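The following note is intended for a colleague who is meeting this structure for the first time.

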There are 2 protein chains.
Amino acid sequence: MSLAPEPPALTGTLTAALRAPAREAPVSGIVEIMKYGRARGGVMGLWAGEGDTPTPAFIIEAANRGLAAGETFYTWQRGIPDLREALARYHTRLYGRAFSADEFYVTGSGMQAIQITLAMTATEGSEVIIPTPAWPNAAGATGLIGARPVEVPMQFGNAGWALDLERIAAAINDRTRVIILVTPSNPTGWTASRDDLHAVLALARQHGLWIVADETYARFWYGDGRRAPSFLDIMAPDDRILFVNTFSKNWCMTGWRMGWIVAHPSLGQVVENLIQYSTSGVAQFMQRAGVVALDQGEDFVTQQVARARASRDIACDILGRTGRCRFTPPQGAFYLFFTVDGESDSEKLARRLVDEAQVGLAPGRAFGKGGEHFLRLCFARDPEQIRDACERIARVL
Amino acid sequence: MSLAPEPPALTGTLTAALRAPAREAPVSGIVEIMKYGRARGGVMGLWAGEGDTPTPAFIIEAANRGLAAGETFYTWQRGIPDLREALARYHTRLYGRAFSADEFYVTGSGMQAIQITLAMTATEGSEVIIPTPAWPNAAGATGLIGARPVEVPMQFGNAGWALDLERIAAAINDRTRVIILVTPSNPTGWTASRDDLHAVLALARQHGLWIVADETYARFWYGDGRRAPSFLDIMAPDDRILFVNTFSKNWCMTGWRMGWIVAHPSLGQVVENLIQYSTSGVAQFMQRAGVVALDQGEDFVTQQVARARASRDIACDILGRTGRCRFTPPQGAFYLFFTVDGESDSEKLARRLVDEAQVGLAPGRAFGKGGEHFLRLCFARDPEQIRDACERIARVL
């Protein structure tokens with residue numbers, strides 16, 4: 001606790017005494033480039049998984065009302081009944097069949113939903129299969145449990161990204177407990193087809209594995225309908241599937257740290273206990289905002305998705321015309337994941353684009369095997385800003 | 001995902017497939033009596049660790065300002081610099097020496113601070129010593145890591161509660177990694193003296209153990225000065241001590257889920273990574289409320305502590321005069337932990353007091369070994385309400 005400059009020996013002593021999975025938890029590769037860019041200033045940061053729109057006023061007002069009403073006490077670990085019922089209504093509307101409130105559990109972020117579902121399923125020393133490129137935090141949370149994330153690269157070819165089912169099957173062994181599937185994918189925009197979902201589910205059934213289905217980007221879907229295909233469409237009640245989701249993307253609430261789990265009601269007490277021993281619940285006044293987002297936020301989501309689609313088209317057009325960028329137009333989510341011919345070091349290229357284009361992109365290495373040569377551009381912004389950013393990138397390239 | 005009544009076989013199948021520490025995580029013994037009481041209605045609930053005062057307006061207004069300013073985006077994993085600096089100022093005022101902002105890490109509740117500090121220190125298969133009776137959640141979080149909580153009962157005699165240092169020393173073995181000390185204690189009100197702290201620290205140094213110091217109730221201290229004795233008073237910079245704390249009690253912010261860790265700056269990147277892979281940070285607009293609580297909340301804390309002291313004196317007086325209640329007046333925290341002569345089943349007695357006195361207390365068994373025959377009464381309320389509740393209890397007894 002000294003304020004004096006710290007002797008290196010002391011640092012070593014304290015960190016060496018830590019539990020190994022904590023000491024070895026990886027630093028986020030996205031945070032590194034953000035620190036680089038922020039230190040320079042004046043950079044349009046398209047590196048993070050969020051846009052530039054603050055939470056809309058009608059949602060904020062619900063939180064204000066909750067605070068004014070004194071909703072500042074301990075609350076239900078599983079989430080307030082109003083929010084669990086709103087989640088059931090939302091899913092019933094979106095997935096075309098009935099859901100009940102006791103299938104839903106409110107969590108302190110989608111990240112916490114992943115942490116809890118992994119703590120339910122991935123034993124120490126077990127293996128968790130993660131098709132990559134993928135958002136790195138699921139692998140980070142896996143390692144912290146003392147389990148091993150097993151990255152299985154997806155295929156990137158002329159037809160776009162594809163799940164390598166043979167390689168996934170080959171990666172399964174006696175230690176495998178979980179497959180984490182992010183669909184639509186952050187960062188690639190690949191989205192599992194119904195056939196893909198059936199194939200992954202068949203593997204899970206055959207080997208008795210759990211699936212952690214991260215369907216965060218289900219609404220940011222550029223195919224037919226209001227949302228991407230989902231395991232909810234094809235599963236049986238007794239399938240070992242846990243869903244993680246978040247308020248962050250659909251309703252511009254990244255900073256709120258509020259998400260949810262969908263799980264069979266028979267698992268309710270276990271989910272409640274795991275919430276109890278991690279953050280013990282989510283602020284009631286924040287949950288009021290969640291109710292309003294779900295019940296009254298549909299027009300807002302539609303606008304956000306339309307804007308993302310317009311920005312996606314602009315980004316694909318401008319970067320496509322450089323002749324140097326290789327990518328497949330994303331089917332879902334709000335990222336363009338691309339390589340640049342002749343550029344093999346994505347971290348170096350990301351720093352160069354910060355310096356010369358004043359645009360911040362996330363280097364692909366942050367997303368694991370198969371992403372090393374790529375860059376991720378978040379296009380959840382005003383189309384004209386995306387046009388400006390992409391034109392600056394194109395000039396540098 | 002079926003809505004149909006669920007076949008028992010299915011329940012068994014899904015829960016049986018869970019990771020054992022998750023499946024076996026204990027249900028909170030406090031929640032059980034709360035459910036019992038709430039089902040009956042009209043009960044004054046003194047079972048939880050919170051009072052009846054909502055968060056004061058000046059703190060709520062800071063959150064509203066943050067929301068209105070659009071502080072709804074991702075933020076620093078370690079906490080916003082303003083809040084870390086406010087924490088340093090607060091500790092500098094309270095502990096009479098200089099602290100710097102890089103010793104502080106904002107967490108999504110004191111509970112999460114415990115989860116993170118245990119994930120830093122308690123390896124799978126290791127043992128964590130917890131003097132009991134103690135707030136049960138630290139043991140719950142220990143079990144979820146795959147470590148074993150080892151309860152070491154404190155002594156309760158005519159001189160009050162006392163740490164059993166010989167028994168703690170005897171419980172240390174090759175697997176021991178951590179001692180969790182809650183001082184002032186929830187539920188007993190026992191507070192470690194400077195000598196106690198020196199003795200525990202000596203044991204930790206001798207065996208290379210970590211101490212997780214839960215000083216949540218430091219301000220609710222009925223001895224001399226503005227706060228209880230602390231490891232911060234006696235430690236060396238290289239001691240393996242991690243502090244967990246919360247905004248919940250001092251500023252009536254239980255529902256906000258915001259706390260902090262104090263740890264050596266050399267551990268900063270590890271703490272940041274563990275925050276990243278659990279909830280990735282705390283809402284910026286909530287952190288604004290934390291800044292105001294720390295910088296402008298001192299008068300409020302003083303009033304809360306004075307009110308708790310008055311309520312404590314009333315509870316001790318009325319229950320003491322029954323002639324059947326045994327307790328020692330708490331030195332700290334805001335609980336009266338007492339036995340009733342001739343009543344050995346605290347859960348049964350708690351239910352009887354719900355039914356006959358319409359007062360809800362927490363059964364002592366929820367707090368582990370040594371607490372089985374006790375009841376915990378939270379007196380963080382208006383003294384006249386505590387008088388009323390205690391008179392009703394006295395009449396039943």
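Through which surface do the copies meet? Because 100% of the interface residues of chain B are also interface residues in chain A, the copies meet through the same surface.

1. Basis of the note. This is a predicted model, in which local features need pLDDT of at least 70 and side-chain atom pairs count only at pLDDT 80 or more, while totals for chains, interfaces and linings use all residues. Residues are numbered from 1 along each chain as its sequence is written, and chains are lettered from A and ligands numbered from 1 in the order in which they are written.

2. The interface. In chain B, 78 residues are in contact with 78 residues of chain A, contact meaning that the C-beta atoms of two residues, placed from the backbone, lie within 7 Å. Six residues of the side of chain B that touches chain A come from α6(B), which gives the most; helices (H or I, at least four residues) and strands (E, at least two) are DSSP runs, numbered from the N terminus. By class, this side has 36 nonpolar, 32 polar and ten charged residues. Here Ala, Val, Leu, Ile, Met, Phe, Trp, Tyr, Cys and Pro count as nonpolar, Asp, Glu, Lys and Arg as charged, and the others, Gly among them, as polar.

3. Chain A as a whole. Chain A has 15 helices and 15 strands, and its C-alpha atoms fill a box of roughly 55 × 55 × 50 Å along the principal axes. Buried residues make up 58% of its 397 residues; a residue is buried if 20 or more other C-beta atoms lie within 10 Å of its own, exposed if 12 or fewer, and partly exposed in between, with C-beta atoms placed from the backbone.

4. Domains. Chain A is divided into domain 1 (26–55 + 299–396) and domain 2 (57–297), with bounds from an automatic or database domain assignment. Their centres, taken over C-alpha atoms, are separated by 24 Å. The contact takes 32 residues from domain 1 of chain A and 36 residues from domain 2 of chain A. The largest share of the domain 1 side, six residues, comes from α13(A).

5. Nonpolar core. The largest nonpolar core holds 257 residues, of which A:Ile211, A:Ile261, A:Leu274, B:Ile211, B:Ile261 and B:Leu274 touch the most other members. Such a core is a set of buried Ala, Val, Leu, Ile, Met, Phe, Trp, Tyr and Cys residues joined through C-beta atoms within 7 Å. Beyond its neighbours within four places in sequence, A:Ile261 is in contact with residues including A:Tyr105, A:Phe243 and A:Val271.

6. Backbone points to inspect. A cis peptide bond joins A:Asn186 and A:Pro187, with omega about 25 degrees; A:Pro187 lies in the loop between β7 (176–182) and α9 (194–207) of chain A. A:Arg257 is not a glycine, yet has a positive phi of about 65 degrees. A:Arg257 counts as buried because it has 29 C-beta neighbours inside 10 Å. A:Gln358, also not a glycine, has a positive phi of about 55 degrees, but with 18 C-beta neighbours inside 10 Å A:Gln358 counts as partly exposed.
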